[in-house]
Amino acid sequence: MFTSLDFLVIAFMGLAALTLLSLALMFLLKNKTAKRVFFYIVVALGLYISSIGLRIGLSGWFTAQIGFGV
C-alpha cells in the first residue's frame with residue numbers, strides 16, 4: 001500500500017528522469033527541430049514544477065499568517 005508521500009516521491013523521480021533525458025537529448029541531437037522540441041519540454045516541466053511549489057508554499061504561508069495554520 002502506497003502513501004501519498006510515496007506517490008509524491010515517485011512523481012518527483014519521474015519528472016526528474018524526464019527532465020534529465022530531455023536535457024541530454026537536447027544537447028546530443030543534431031536536428032534543430034528536435035532540439036527545439038526538447039527545449040520546450042524542459043521549459044514546460046520547469047514552469048509546472050515551479051507553479052506547484054509556489055501554489056503549495058503560498059497557501060501554507062497565507063493560512064499561517066492569518067492564524068488558521070497549524
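Reply: In this predicted model, buried residues make up 10% of the 70 residues in the chain. The chain contains 2 helices and 0 strands.

Me: Why is L8 called exposed?

Reply: The relative accessible area of L8 is 55%. Exposed means over 50%, and 55% passes that limit, so L8 is exposed. L8 is found in helix α1, which covers residues 4–28.

Me: Why is L25 called partly exposed?

Reply: L25, which lies in helix α1, has a relative accessibility of 27%. Buried means under 20% and exposed means over 50%. The value of 27% falls in between, and therefore L25 counts as partly exposed.

Me: What makes R36 exposed?

Reply: R36 belongs to helix α2. Its relative accessible area is 56%. The limit for exposed is over 50%, so R36 with 56% is exposed.

Me: What separates the C-alpha atoms of R36 and M26?

Reply: The C-alpha atoms of R36 and M26 are separated by 7.6 Å, and these residues are 10 apart along the chain. For L25 and K35, also 10 residues apart along the chain, the C-alpha separation is 7.4 Å.

Me: Which residues make the nonpolar surface patch?

Reply: The patch is made by L5, L8, V9, F12 and M13, with an area of about 550 Å².

Me: How does one find where empty space is left?

Reply: A probe the size of a water molecule is rolled over the atoms, and this shows where empty space is left. In this model, the largest pocket holds about 190 Å³ of space.

Me: Which residues line the largest pocket, and which elements give two or more of them?

Reply: The lining consists of L8, A11, F12, L15, Y48, I49 and I52. The elements that give two or more residues are α1 and α2, the latter covering 32–65. Helix α1 gives the most, with 4 residues.

Me: How many residues of that lining are nonpolar, polar or charged?

Reply: The lining of the largest pocket divides into 7 nonpolar residues, no polar and no charged. Leu, Ala, Phe, Tyr and Ile count as nonpolar, so the lining residues belong to that class.

Conventions. Residues are numbered from 1 along each chain as its sequence is written. This is a predicted model: local features need pLDDT of at least 70, side-chain atom pairs count only at pLDDT 80 or more; totals for chains, interfaces and linings use all residues. Side-chain values use heavy atoms; hydrogens and water are left out. Patches are made of residues with over 30% relative accessible area and no salt bridge: like charges are joined within 9 Å, nonpolar side chains (Val, Leu, Ile, Met, Phe, Trp, Tyr) within 5 Å. Accessible areas come from the Shrake-Rupley method with a 1.4 Å probe; for residues, only the protein chains shown count as cover. A salt bridge is a side-chain nitrogen of Lys or Arg within 4 Å of a carboxyl oxygen of Asp or Glu. Buried means under 20% relative accessible area, exposed over 50%, partly exposed in between (1.4 Å probe, protein chains only). On a 1 Å grid over the protein atoms alone, a cavity is a set of points where a 1.4 Å probe fits but cannot get out, and a pocket is an open set with protein on both sides within 12 Å along at least five of seven lines; lining residues have an atom within 4 Å of a point. Grid points are joined across faces, edges and corners, and a volume is the space filled by probe spheres set on the points.
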